[in-house]
Amino acid sequence: MTPILSINVVPTLPENLRPLKELACNLWFNWHPEVADLFRRLDIRLWEDTYHNPVLFLGKISQERLDEVVENEGFMTQFTQVYRDFQRYIKDKSIFDYELDRPIDFTIAYLSAEYGLAESLPFYSGGLGVLSGDHLKSASDLNLPLVAVGLLYQNGYFKQHLNMDGQQQERFKEIDFPNAPIMLEKDDEGNPIKITVPMKQREIGVQIWRVQVGRVPLYMLDSNIQDNRPEDRAITSMLYGGDREMRLRQEIILGIGGARALQRMGHSPAVYHMNEGHSAFACLERIRTLMKEQNLSFGEAFECVYASNVFTTHTPVPAGNDLFDTKMVESYLGEYVKELEISFKDFLALGRKNYANDGDSFEMTILALKMSAQINGVSKLHTEVSRKMWNPLWQEVPNREVPIRPITNGVHVPSWISPDMATLYDRYLSPRWIEDPDNEKVWEGVDRIPDSELWRTHERNRERLVAFARRRLREQRMRRGAPYADVKEVDEVLNPQALTIGFARRFATYKRGDLIFKDPDRLEKILSDPDRPVQIIMAGKAHPQDNPGKELIKSIFDFSKDPRFKHSIVFIENYDINVARYLVQGADVWLNTPRRPLEACGTSGMKAAANGALNLSIPDGWWCEAYDGENGWAIGRGEEYEDTILQDQLEAQAIYELLEKEVIHLFYDRSRAELPRIWIGKMRNSMRTICPVFNSHRMVEEYMGACYVNGADVWKQLTENNFQRAKELAQWKQKVISNWSKIKIRSINFVNHADVSVGTKLPVDADVILGELSPEDVLVELYFGPLNSKQEFVTAKSIAMQPDGENSNGQYKFKGDIECNVTGRLGLQVRVRPQHDLQINPYETGKLIWN
C-alpha cells in the first residue's frame with residue numbers, strides 16, 4: 001500500500017538551544033572538537049550513527065533529550081561558552097596583514113574539483129581534495145578575503161568494501177543535502193539561485209549551494225535540477241565518474257560555471273587560484289566577461305586575466321593530466337569560443353604544446369599554464385620535475401628558470417590533531433599553536449612536555465586506533481558473512497602496546513602499498529617477535545578504473561588472511577577523513593613508499609608527525625625537505641632507477657634493515673620508568689622541525705605573499721582608468737611579437753684572458769640590433785656560471801646589462817660586468833628577452849634570444 005503523504009517529523013529546538021543549528025551549519029565544528037563534544041554529550045551513539053553530521057543529528061535527536069539538557073546547568077554552561085567562542089571567531093573582521101606592505105583590499109577566488117572538509121561531505125577522493133579543504137580552513141583562520149567554488153556531487157565519491165576474495169567493490173550513495181551542512185542559495189523571493197552554462201548548442205541550468213567553512217563561503221554547483229535533460233542532470237552526479245566526455249562536461253561547469261556563479265553571488269575577485277587544471281575554463285569566462293562588459297579585445301582582456309591567475313600543478317607525470325579530443329571540445333565549446341572573437345585553431349593552441357600540431361589533444365594543464373602568470377609546484381622536488389616536464393612550453397628558457405616556483409603543501413593541524421594531544425599542546429605550547437602554527441618559537445615548547453605525559457598521550461591514541469581497527473574489522477567480517485569464530489577472533493587481532501606502522505593513501509601503483517610485503521618470510525620474523533611485536537594497519541581506495549591499484553589492495557587483503565599475519569596486519573575498508581584521523585593520530589611509524597620522483601608532495605606524514613608519529617619514508621615529495629637525520633628515517637638516499645624491479649627489491653630490503661636495526665630497537669628500548677626516551681626525543685625533533693613548516697597557515701601565507709598580492713596589484717593597475725594600461729600592454733606585446741625576429745646579438749666584446757684571479761671584474765659589452773624596438777622594451781642580460789666537463793652550466797645567474805648609446809639605426813650597445821668570485825671554469829652567454837613593468841612572469845611572451 002502506497003501512502004498518500006510522506007512527511008518528515010523533526011524535533012523543535014528549545015529557544016535557548018537554537019544556536020545549535022548555527023553551529024551545525026558551519027564546518028567550524030570540524031576543527032573545533034569542543035563543538036563535537038556538545039553533540040556527543042547530547043547523544044554519543046546518535047553522533048556516531050549519523051557519522052558526525054550535526055545537521056542530520058539535530059533532525060534525529062529525540063525531543064525529550066533536547067528538553068532535558070536545557071535543564072542541565074553543566075551542558076548549558078559548556079554550550080554557552082562554545083557558542084560565544086564561535087561568534088567571536090565569525091565576527092572578527094581583522095584582515096590578514098602579516099608582513100604585507102599594505103592592507104588587503106581584494107578578493108581571491110579558489111577553484112578545485114574536490115574538497116575534503118568533513119566525513120559527512122564526501123566530495124573528495126584523496127590528497128588533492130584534503131589539501132583544498134585545509135587551504136580553506138587556514139584562509140578562514142587567517143581571515144583572508146577568499147571565496148571558493150567546487151561541484152556538488154549528488155553521490156559524492158564511492159564507498160569501498162572488499163568481497164570475500166579481497167576484490168574492491170564500489171557503491172555510490174546519494175547524499176541527502178537537506179540533512180547535511182550545506183545550504184541552497186536563494187534569492188529575495190525564496191527561489192533557488194541559478195546560472196546557465198554553455199553545453200554544446202545550448203545552455204543548461206545550474207543551481208548554487210553553499211558550504212560555510214568558518215568565514216569562507218564555498219559555492220557548490222549542481223546540475224541536478226528539473227529543467228535540465230536527464231543527461232545534464234547527471235553531470236554532477238559523482239566525483240571522477242563516467243568517461244572522458246563526462247569529465248569535460250564537469251570541467252565546463254566548474255570553470256565557466258564557477259566564474260559565473262561568483263559573479264551571480266556578488267563577488268568580483270581580483271585573483272583566481274586554480275588548484276589543478278580541472279577549472280581552467282574559468283580563464284575563458286573571465287576573458288569573455290571583460291570583452292562583453294568592458295568592450296575589450298581578446299588580447300586586452302587576456303592581459304588582465306593572465307596577470308591575475310595563479311595555477312597550482314600537482315601531477316608529476318604527463319599521463320595524470322586531463323586531455324580531450326579536439327573534436328569533442330569543439331562540439332561542446334565551438335559556439336562559446338566564437339564569443340571570444342578568436343579562431344578555434346587559436347583557441348586549441350591555448351591547450352596544446354605545439355601550436356602547429358593538429359594531432360595534439362587539448363590539455364587542461366597546458367591551458368592553465370598558458371593562462372597563468374604565476375605557477376607553482378607543491379614541493380621543491382616536484383617543482384624540479386614540473387619544470388622539466390613543461391620546459392617545451394618555454395623552449396629557449398633553461399630548465400632551472402622555467403617559471404614554476406615551489407610552494408610546498410601543508411596541513412591544517414587543528415583538523416588532524418587528537419583531542420588528547422591538543423590538550424597537551426594547550427598546556428605546554430599555549431593556544432598559540434592553533435593561532436600561530438608556523439611560528440618556530442611556539443613549537444620549541446614541545447621540549448617542555450614531560451616524557452611521561454607525551455608518551456602516555458600517544459599510547460592512548462594508539463589504543464584508540466587499535467580499538468577502532470578491531471571495530472571496523474568486526475563489521476567488515478560480519479558484512480562478508482564470515483563464520484562466528486572469525487568474527488570472535490577480532491578481539492585477538494592487534495596489540496595495543498605493539499609498535500604500530502600506519503599506511504593510508506590512495507592506492508595508485510606508484511605509491512607501492514605492497515613494498516613492505518616483498519619478502520614475506522623476513523616480514524614474518526619482524527612482526528612475530530613475541531618480545532618486540534610489530535603490526536601494520538593500512539587503508540586506501542583505488543580509483544574504480546584502476547585495476548592494478550585494486551590488485552594491490554587484494555594482495556594486502558590476502559596477506560591479512562595468511563595465518564602468519566592475521567593477527568598483525570589489518571586493512572580498514574572505506575578510507576575517508578574519519579579513518580585517516582584515527583590512523584595519523586595512533587600510528588607510531590608512518591610508512592610512505594612512493595616511487596621517486598612521482599610523489600608530488602604527500603601530506604599524510606605531516607598529519608602523523610603533528611600527532612607524534614615518526615616518518616619512515618622514501619625521500620620524495622615533502623620528505624626531501626623535512627628529513628634532517630634526527631626526525632624520522634629515510635628509505636635510501638633519493639636514488640632513481642630505470643630498473644623498477646631492482647628498485648623495489650633494494651628499497652624493500654632497506655625498509656627491513658631500518659626496522660630491524662633501528663626502529664624496533666629504539667621503540668622497545670625502555671628506561672626504568674618504562675619510557676622509550678630516545679624514541680621520545682625523536683618524536684620531539686619531529687614535532688619541532690615539521691609542524692611549524694609543513695602546515696597550511698604557512699602555505700596560505702606563502703601564496704598570499706608570493707602570488708595573491710602580486711596578481712592583485714597588477715590587476716588593479718591594468719583595470720583602472722578604463723583599462724588603459726591593459727590596452728597599452730596588449731599593444732606593446734603585439735609590437736614585441738611582430739618585431740622579435742629582427743632582434744640579433746651582433747657581437748660580444750670582452751678581454752679574453754685564459755686565467756683571471758678570484759675577485760676580478762670582467763667587463764663585457766654587446767652590440768644588439770633591436771629593429772623597431774627600443775632598449776626600454778627589452779632586457780639584455782649576462783648569463784654566467786661554472787661549467788662541468790661537458791661545457792654545460794652547473795648553475796648560473798644573470799645580471800642586467802645597461803644600454804650605452806645607439807651605434808646606428810636600431811643597433812645599441814649594452815655593458816655589464818661579471819664578478820669572478822669562484823675558482824674553476826666559468827661560462828658566459830648574452831641573452832635578450834622582452835621587459836615590461838607589468839610583467840609578473842618574465843617569460844610570458846615565450847620570446848628569448850641567445851648569442
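This is a predicted model: local features need pLDDT of at least 70, side-chain atom pairs count only at pLDDT 80 or more; totals for chains, interfaces and linings use all residues.
View 1. The expected span of a helix is 1.5 Å times one less than its number of residues. For H12, residues 326-338, a straight helix of 13 residues would span 18 Å, but its end C-alpha atoms are only 16 Å apart. A bend of about 60° is found at Tyr332.

**View 2. Surroundings of the buried residues of H12.** Tyr332, where H12 bends, is one of the buried residues of this helix, which also include Met328, Val329, Leu333 and Tyr336. The buried residues pack against helices H9 (244-264), H10 (281-294) and H13 (344-349). They also pack against strands E8 (194-199), E13 (323-324) and E14 (362-363).

**View 3. The kink in helix H29.** H29 covers residues 696-739 and spans only 45 Å between its end C-alpha atoms, whereas a straight helix of 44 residues would span 64 Å. The kink is about 125° and is centred on Asn722. At the start of H29, a side-chain oxygen of Asn695 comes within 3.1 Å of the backbone nitrogen of His697.

**View 4. An open sheet of six parallel strands.** The strand order is E19-E18-E17-E20-E21-E22. From one strand to the next, the twist averages 20°. E20 (residues 589-592) and E21 (residues 614-617) run parallel and are joined by four bridges; Val589 stands opposite Leu614 in E21. Helix H20 (residues 451-479) lies across E17, E18 and E19, at about 70° to E19.

Note on methods: Residues are numbered from 1 along each chain as its sequence is written. Side-chain values use heavy atoms; hydrogens and water are left out. Helices (H or I, at least four residues) and strands (E, at least two) are DSSP runs, numbered from the N terminus. The bend at a residue is the angle between axes fitted to the seven residues ending there and the seven starting there. Buried means under 20% relative accessible area, exposed over 50%, partly exposed in between (1.4 Å probe, protein chains only). Contact means heavy atoms within 4.5 Å. A polar contact is a pair of N or O atoms within 3.5 Å; within protein, one must be able to donate a hydrogen and the other to accept it, and residues adjacent in sequence count only if both atoms are side-chain atoms. Two strands pair if DSSP finds at least two bridges between them. Axes are lines fitted to C-alpha atoms, for helices over the stretch in contact, and angles run from 0 to 180 degrees between N-to-C directions.
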